[in-house]
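Here is a friendly walk through one protein model. Keep the sequence and the 3D view open while you read.

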Amino acid sequence: MLLLINIKSEREIELMKQAGHLNFLAHEEIKKNLRPGITTKQLDKIAHDFIIKNGGIPSCLGYEGFPASICISINDEVVHGIPSNRKLKNGDIVSVDFTVKLNGYESDSARTYIIGTVSKETEDLVNNTKLALYEGIKQVRPGARIGDISHAIETFAHDHGLSVVRELVGHGIGTNMHEGPDVPNYGTPETGPILKKGMVLAIEPMLNLGRREVCMLDDDWTIVTEDKSPSAHFEHTVAVTKDGYVILTGE
Ligand code: MF3
Ligand code: CO
Ligand code: CO
């Protein structure tokens, strides 16, 4: 089977950087509004309006029928939570994940926030999931392979007593939200597609405090941990450069 991985020109990477920057700014706007009592629907509207006001498209909205502009997943929810009248409360961990399209290009980023005070082990889950993302990103350079990213994330997670969700993976990204290749958060070094300058990847570890198994709720979107343990998710859109990487959804 022939697997095509899009290579973007420097001009395209520049356009994707602009999309990624708007994604970053929308995350900052959401962050400012996080507090106990706010509903996830209110956060969705804030993000939606902010992205539109700045000329972007909240491209999760309507994607395969998804009914909102951002995914908000609380505690045992792993990803793809649908904004609702649920209120954030002290002790929650809240994952916010969305794409922004600008200039015809997609950007994809996720963060997990702690609301008020949580247990030490839940705090470690959140901090270590973020660090696992950066362990993966550090592998990115021409000549490295997808399995190097996967293995770095998996090793870091296991070293910190966390399990790795396998049913959902990172992905290539460009004019489409999801392009090849898959970027699993588990795997073997020196295997998988070889990275080349101009590839753009969404790297996104989803790590659980308990067991790795997940299932889908009856809403056909929300993914939750089977054992109801908390789960965290961080994601950046990253381009392969001449000698390493640049994070397009970073500060
Ligand atoms: N942002 C998600 C990802 O990381 C996809 C969101 S699914 C949608 O791949 F339906 F909300 F768009
Ligand atoms: Co995402
Ligand atoms: Co993604």
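This is a predicted model: local features need pLDDT of at least 70, side-chain atom pairs count only at pLDDT 80 or more; totals for chains, interfaces and linings use all residues.

Residues are numbered from 1 along each chain as its sequence is written, chains are lettered from A and ligands numbered from 1 in the order in which they are written, and side-chain values use heavy atoms, with hydrogens and water left out.

**The metal ions**

Start with the two cobalt ions, ligand 2 and ligand 3, which lie 3.3 Å apart and are bridged by Asp108. The table sets out their protein donors (N, O and S atoms within 2.8 Å of the metal, or 3.2 Å for Na, K and Ca; water is not among the atoms, so sites may look incomplete).

| Ion | Protein donors | Distance from the ion |
|---|---|---|
| cobalt ion (ligand 2) | Asp97 (OD), Asp97 (OD), Asp108 (OD), Glu235 (OE) | 2.0 to 2.7 Å |
| cobalt ion (ligand 3) | Asp108 (OD), His171 (NE2), Glu204 (OE), Glu235 (OE) | 2.0 to 2.2 Å |

Which geometry does the site of the cobalt ion (ligand 2) have? With angles of 53 to 170° among its 6 donor atoms, this site is irregular. The 6 donor atoms around the cobalt ion (ligand 3) subtend angles of 52 to 172°, so that arrangement is irregular too. Here is how the label works: four donors are tetrahedral if all angles lie between 85 and 135 degrees; four are square planar and six octahedral if opposite donors are over 155 degrees apart and all others between 65 and 115; anything else is irregular.

Along the chain, the donor residues of ligand 3 follow the spacing D-x62-H-x32-E-x30-E. Asp108 lies in strand S4 and His171 in strand S6 (residues 170-172), so this pair ties together parts that are 63 residues apart in sequence. Helices (H or I, at least four residues) and strands (E, at least two) are DSSP runs, numbered from the N terminus.

Next, look at helix H1 (residues 10-33) and helix H2 (residues 40-53), which pack at about 145° with their axes 9 Å apart. Axes are lines fitted to C-alpha atoms, for helices over the stretch in contact, and angles run from 0 to 180 degrees between N-to-C directions. Residues in the contact (heavy atoms within 4.5 Å) include Leu22 and Ile30 of H1 and Phe50 of H2.

Helix H3 (residues 120-137) and helix H4 (residues 146-159) have axes that come within 8 Å and cross at roughly 155°. H3 and H4 are therefore roughly antiparallel; angles under 35 degrees count as roughly parallel, over 145 as roughly antiparallel, 65 to 115 as roughly perpendicular and the rest as oblique. Among the residues in this contact are Leu131 of H3 and Phe156 of H4.

**Two backbone details**

The peptide bond from Gly180 to Pro181 is cis, with omega near -5°, and Pro181 lies in strand S7 (residues 179-183). His80 has a positive phi of about 65° although it is not a glycine; His80 is found in the loop between strand S2 (77-79) and strand S3 (93-102).
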